[in-house]
Amino acid sequence: MPSAPFSPNPMSDHFPTLINGTSSFGFLWLWLPEKKRSANDTGMVKSCPGILFDSRNCRRRRISFLVIALSALAAPLASAVTTFTALGVGLALSALVLASCALATYFIFPRIMFWTLMAIILIDLSNVNISPALEYYYTADEACLANGPHFDYTYFITVTGIVGCIVNFFGVMLYQTFLSGWKFRPVLIFTIAIGSLSNATDLFIVMGWNRMMGISDKVFFLFGNAIFDSLTDILMKIPRASMIAKMAPPKMESTVFAFSVGIANFCIMLSRLIGSGIIQQSGMKTVGVDCDFGKLPELIATVQILLPLAIGIPASFLVPNVFQADNFINWEAEGWCHDDAPGPFENEDSGAQHIKDQQLHEMDG
């Protein structure tokens with residue numbers, strides 16, 4: 001499918017980078033506390049100069065680490081299969097990989113983590129991505145779409161991108177001020193609802209309802225898609241990111257966090273594949289002469305508005321209904337906080353292993 005010409009604008013590259021770079025202030029001013037590991041800690045081994053390896057924790061949680069390591073290969077494998085084979089084969093493989101990761105989570109981690117992860121999976125998969133068809137609709141020329149918006153790429157990418165970055169910055173402050181005190185279930189339901197509502201701006205433009213109200217496509221797109229849609233998008237991401245962070249057990253925070261984020265990102269990739277399949281099956285013609293976007297309003301209404309409401313809101317009830325500042329997994333009760341307590345399917349001979357760890361530590365010293 002040929003791509004439309006695009007004249008790069010330096011501002012479109014550097015402005016989002018400057019906005020995103022503001023997060024570095026938290027690290028420079030040490031806003032995030034950390035506990036530094038040392039070579040004197042039990043089980044720590046110097047693998048090479050300047051690098052310590054927690055051999056004890058790795059052995060005790062070896063099944064967990066193995067599953068997480070294998071899951072890291074899921075996205076590259078699915079991408080390669082989808083690229084060199086049919087889309088249906090890629091979708092089937094992606095579904096199999098996702099089901100395997102969910103099943104592994106059920107047996108290895110606490111049940112609360114499993115159900116929370118299932119909620120994130122369902123919410124992400126329900127947001128089927130049909131943005132390629134929308135992008136072609138908004139940027140189609142006169143020969144392709146006679147009465148279309150005909151946005152140029154400077155406006156469609158640069159202007160709206162800059163506005164979206166600014167809106168994201170204020171969206172975080174808005175969430176902290178008004179929504180951070182809510183419980184997880186209400187905030188998920190609310191953000192899913194307004195997220196689905198924001199997709200109606202695309203339906204207004206495609207149907208021409210905004211022009212009937214005397215509002216041009218550019219103005220309606222700027223306030224609807226670039227501002228309102230960007231705002232609801234960041235509001236939807238914050239509670240999910242918070243839940244993923246709270247699912248990280250002690251001494252495996254970064255590993256399990258990467259595992260959970262990886263599954264969420266894999267779901268987003270899978271939703272794009274599903275969206276591509278839906279666009280292909282719809283029979284729309286998005287490039288060339290006399291394009292056909294007749295099915296686009298129907299897809300927006302069903303896939304982008306109704307589907308997230310029908311799946312995402314019920315999935316929110318899988319999440320514990322606790323305040324966002326509270327921990328909804330008691331890792332100590334689950335046996336993940338005791339140094340000598342093995343996790344599910346891990347080595348039961350923790351006493352002997354502890355002696356070996358001490359011997360390794362003494363040898364290392």
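## Close-up views

**View 1. Helix α8 meets helix α15 through A133, L134 and Y137 on one side and L296, I300 and Q304 on the other.** Contact here means heavy atoms within 4.5 Å. By class, this contact has five nonpolar, one polar and no charged residues. Nonpolar covers Ala, Val, Leu, Ile, Met, Phe, Trp, Tyr, Cys and Pro; charged covers Asp, Glu, Lys and Arg; the others, Gly among them, are polar. The model is predicted: local features need pLDDT of at least 70 and side-chain atom pairs count only at pLDDT 80 or more, while totals for chains, interfaces and linings use all residues. Residues are numbered from 1 along each chain as its sequence is written, and side-chain values use heavy atoms, with hydrogens and water left out.

**View 2. The axes of α8 (residues 131-139) and α15 (residues 296-316) cross at roughly 140°.** They come within 11 Å. The angle makes α8 oblique to α15. Axes are lines fitted to C-alpha atoms, for helices over the stretch in contact, and angles run from 0 to 180 degrees between N-to-C directions. Under 35 degrees counts as roughly parallel, over 145 as roughly antiparallel, 65 to 115 as roughly perpendicular, and the rest as oblique. The crossing of α8 past α15 is left-handed. Left-handed means that the near helix is turned anticlockwise from the far one by less than a right angle; right-handed means clockwise.

**View 3. The buried residues of α8 are A133, L134, Y137, Y138 and T139.** Buried means under 20% relative accessible area, exposed over 50%, and partly exposed in between (1.4 Å probe, protein chains only). Their cover includes α9, α11 (200-207), α13 (217-246), α14 and α15.

**View 4. Helix α7 (residues 111-126) and α15 have axes that come within 8 Å.** These axes cross at roughly 175°. The two helices are therefore roughly antiparallel to each other. From α7, the contact draws on A119, L122, I123 and S126. From α15 come V303, L307, P308, I311, G312, A315 and S316. Eight of these contact residues are nonpolar, three are polar and none is charged.

**View 5. Helices α7 and α14 pack with their axes 8 Å apart.** The angle is about 25°. The pair is therefore roughly parallel. Their crossing is right-handed. On α7, the contact is made by M113, L117, I120, I121, D124 and L125. On α14, it is made by V256, F259, S260, I263, A264, C267, I268, L270 and S271. The classes are twelve nonpolar, two polar and one charged.

**View 6. S260 sits in helix α14 (residues 253-282).** S260 has a relative accessible area of 0%, so this residue is buried. S260 touches M113, L117, I244 and M247, leaving aside residues up to four places away in sequence.

**View 7. H150 and D290 have positive phi values.** Most residues other than glycine have a negative phi. H150 lies in the loop between α8 and α9 (153-178), and its phi is about 55°. With a relative accessible area of 27%, H150 is partly exposed. D290 is in the loop between α14 and α15, and its phi is near 55°. At 61% relative accessibility, D290 is exposed.

**View 8. A39 and G335 are loop residues.** A39 belongs to the loop between α2 (24-28) and β1 (44-48). At 22% relative accessibility, A39 is partly exposed. A39 and D54 are 15 residues apart in sequence, with 9.6 Å from C-alpha to C-alpha. G335 is in the loop between α15 and α16 (350-364). Its relative accessibility is 17%, so G335 counts as buried. G335 and P110 are 225 residues apart along the chain, and 9.7 Å separates their C-alpha atoms.

**View 9. The whole protein has 16 helices and two strands.** Helices (H or I, at least four residues) and strands (E, at least two) are DSSP runs, numbered from the N terminus. Of the 365 residues, 40% are buried. Among contacts between residues at least 6 apart in sequence, 76% join residues at least 24 apart. The accessible surface comes to about 19,500 Å², and 66% of that belongs to carbon and sulfur atoms. Accessible areas come from the Shrake-Rupley method with a 1.4 Å probe; for residues, only the protein chains shown count as cover.
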